[in-house]
Amino acid sequence: MDRTTVSEAPAAGARTAWVTALLAVLAGPALVHLLTSEPMGMWRQLSSVTGLVALSALVCTAALPSRLRGLTRAFGIETVVGLHRQLGILSAVLIAVHLGAVVAANPTQVALLMVPTAPNRARAAVAATVSIGLLVVLAVWKRKFNLRYEVWRWLHLMLAVFVLGGTALHVLWLQHLVTDAVMGPLLATLGILVVVVFAMRWWGRAVLDGGEFTVQAVRAENPTVTTLVLSPREGGEGLRFSPGQFAWVRLQRSAVEEHPFTIASSAHDPRYTEFTIRGTGDFATGVRDLRPGESVWVDGPYGSFTCDDVPAAGLVLIAGGVGITPMMSMLRTAADRGDQRPHRLIYVARDTGDLLFRDELAMLRHYLDLEVTEVLRRPSATWTGATGEIDVALLSTVLRTLDLGARNDYFLCGPPSMVSDVHGALTVMGVRDDHIHTEQFDMA
């Protein structure tokens with residue numbers, strides 16, 4: 001049987017199912033309302049439709065990043081986060097159009113925007129509108145604010161709660177659709193969907209899934225990078241994953257603070273799971289202070305950034321900084337499986353102190369058809385290797401030993417600018433887009 005059929009057909013079916021479900025939630029309520037409501041003026045109709053689509057988009061926006069494993073495996077975390085961001089912006093635009101249509105239908109209703117004298121339903125709407133506006137600003141200009149991940153995450157969650165809470169109260173206090181025989185149950189279903197997704201996200205995974213692991217070792221790779229080695233609790237199964245996937249790590253069972261990290265260990269042996277973590281903040285300090293025997297909680301695996309899903313004849317792995325971690329998982333797994341395909345690794349770092357796993361990569365060359373190209377952005381005077389950017393010239397040199405007539409897949413992981421530049425260079429070289437797989441280190 002054709003290998004492409006085996007690996008890609010189930011994924012295509014899953015994507016179709018998820019897209020169908022998303023479209024049903026996004027457009028269903030507005031379509032039902034149009035088909036069942038009495039005729040009304042243009043502006044009133046527009047206000048109802050835009051309000052309902054905005055509400056549905058908010059439900060989808062809330063559900064998308066809530067760790068639905070089938071969703072992230074079907075589309076990849078970048079696509080899911082990108083859609084989450086786009087639907088959030090769409091919701092904000094629709095809310096603005098909804099407000100404009102409300103005022104156009106009856107200009108006296110501009111008084112609803114005067115918070116001190118407005119009824120509660122209008123106050124709730126204003127609170128939700130201001131909150132989603134701030135969310136959009138935070139998402140679009142996040143790099144300009146230069147916020148720490150923890151601060152950005154808490155602001156994002158707090159504003160999201162205000163948006164969803166304000167919207168729900170507005171719909172309830174408006175009493176326009178919730179009492180309708182058709183729309184009432186439909187809106188209640190959307191509300192239940194949000195509650196179920198959030199309950200599983202914040203409570204179910206911690207209590208039902210468990211995910212408790214024991215610290216085996218904490219290993220310093222350099223002053224800012226630490227490797228955390230975990231094993232399952234006695235009687236546990238371990239973490240089964242595909243090389244390149246990631247998981248969320250928290251240091252206490254009920255802790256709200258948790259961080260996503262790529263799994264760096266081999267997928268061949270679930271008895272040990274490793275995360276290589278860069279950071280100098282409180283969470284990274286907490287990781288470095290862990291002692292063998294202590295507990296850590298892991299929620300995963302997630303993502304579709306894995307070589308297990310592609311029928312490649314050869315693999316080209318291009319990493320920047322700590323983006324080497326999924327590549328190490330792929331290479332370690334390949335060595336454990338006796339994989340004889342050619343592997344080419346291009347590793348970009350600031351200086352030699354940031355080049356991780358050099359000794360292990362040298363050892364892996366004895367077990368794999370592996371060539372490693374190290375690239376430094378700030379080389380010392382004695383450095384004799386490659387420097388600067390990963391461009392067409394460097395890629396052509398690295399790929400000269402590959403059979404370019406066969407299918408080779410390219411895995412890119414690192415800062416957004418690096419991933420974008422390398423993707424562009426590969427496109428110039430004629431590499432098909434569906435053979436390029438990316439994962440960026442960025443906030444939603």
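This is a predicted model: local features need pLDDT of at least 70, side-chain atom pairs count only at pLDDT 80 or more; totals for chains, interfaces and linings use all residues.

User: Why is His 156 called buried?

Analyst: Buried means under 20% relative accessible area. His 156 has a relative accessible area of 17%, so His 156 is buried.

User: What is His 156 in contact with, leaving aside its neighbours within four places in sequence?

Analyst: Those contacts are His 84, Leu 135 and Leu 138. To count as a contact, heavy atoms have to be within 4.5 Å.

User: Which residues of H7 are buried?

Analyst: The list has Glu 150, Trp 152, Arg 153, His 156, Leu 159, Val 163, Gly 166, Thr 167 and His 170. Here's a handy bit of background: an α-helix has 3.6 residues a turn, so residues three or four places apart point the same way.

User: How do you know that the span of H7 agrees with what a helix should give?

Analyst: You take 1.5 Å times one less than the number of residues. With 26 residues, H7 should span 38 Å, and its end C-alpha atoms are 37 Å apart, so the two agree.

User: What about Trp 141? Where is Trp 141 found?

Analyst: Trp 141 is in the loop between helix H5 (120–140) and helix H6 (142–145).

User: Why is Trp 141 called partly exposed?

Analyst: Buried is under 20%, exposed is over 50%, and partly exposed is in between. Trp 141 has a relative accessible area of 39%, so "partly exposed" is the label for Trp 141.

User: On to the strands. What makes S1 and S6 a pair?

Analyst: Two strands pair if there are at least two bridges between them. Strand S1 (residues 212–222) and S6 are joined by three bridges and run antiparallel. In one of these, Phe 213 has Val 296 in S6 as its bridge partner. S6 also pairs in the antiparallel sense with strand S3 (residues 246–250), over four bridges.

User: Is S6 (residues 295–302) mostly covered or uncovered?

Analyst: Mostly covered: eight of its eight residues are buried.

User: Which strands are the edge strands in the open sheet of six strands?

Analyst: The order is S10-S9-S8-S7-S11-S12, with parallel pairing. The edges are strand S10 (386–387) and strand S12 (436–440), as each of them pairs on one side only. Within this sheet, strand S8 (residues 342–349) and strand S9 (residues 369–376) run parallel and are joined by eight bridges. Val 348 stands opposite Val 375 in S9.

User: What makes up the largest nonpolar core?

Analyst: This core has 29 residues, and those touching the most other members are Leu 317, Ile 324, Met 327, Leu 331, Leu 345, Leu 361 and Phe 411. At least two residues each come from strand S7 (314–320), helix H10 (324–337), S8, helix H11 (358–364), S9 and strand S11 (408–414). H10 gives the largest share, six residues. Apart from this core lies another one of 20 residues, among them Ile 318, Val 398, Leu 399 and Val 422.

User: Now the charges. How many salt bridges does a search of the whole structure find?

Analyst: The search finds 16 salt bridges.

User: What makes Glu 371 and Arg 344 a salt bridge?

Analyst: The side-chain nitrogen must be within 4 Å of a carboxyl oxygen. For Glu 371 and Arg 344 the N to O value is 3.6 Å, and their side chains meet in a salt bridge. Glu 371 lies in strand S9 and Arg 344 in strand S8, so the pair ties together parts 27 residues apart in sequence.

User: How do you know that Arg 344 is buried and Glu 371 is partly exposed?

Analyst: Arg 344 has a relative accessible area of 2%, so it counts as buried. Glu 371 has 30%, so Glu 371 counts as partly exposed.

User: Which residues are linked in a network of salt bridges?

Analyst: Arg 219, Glu 221, Glu 274, Arg 332 and Glu 360. In the bridge between Glu 221 and Arg 219, the closest N and O atoms are 3.2 Å apart.

Conventions
Residues are numbered from 1 along each chain as its sequence is written. Side-chain values use heavy atoms; hydrogens and water are left out. Buried means under 20% relative accessible area, exposed over 50%, partly exposed in between (1.4 Å probe, protein chains only). A nonpolar core is a set of buried Ala, Val, Leu, Ile, Met, Phe, Trp, Tyr and Cys residues joined through side-chain atoms within 4.5 Å.
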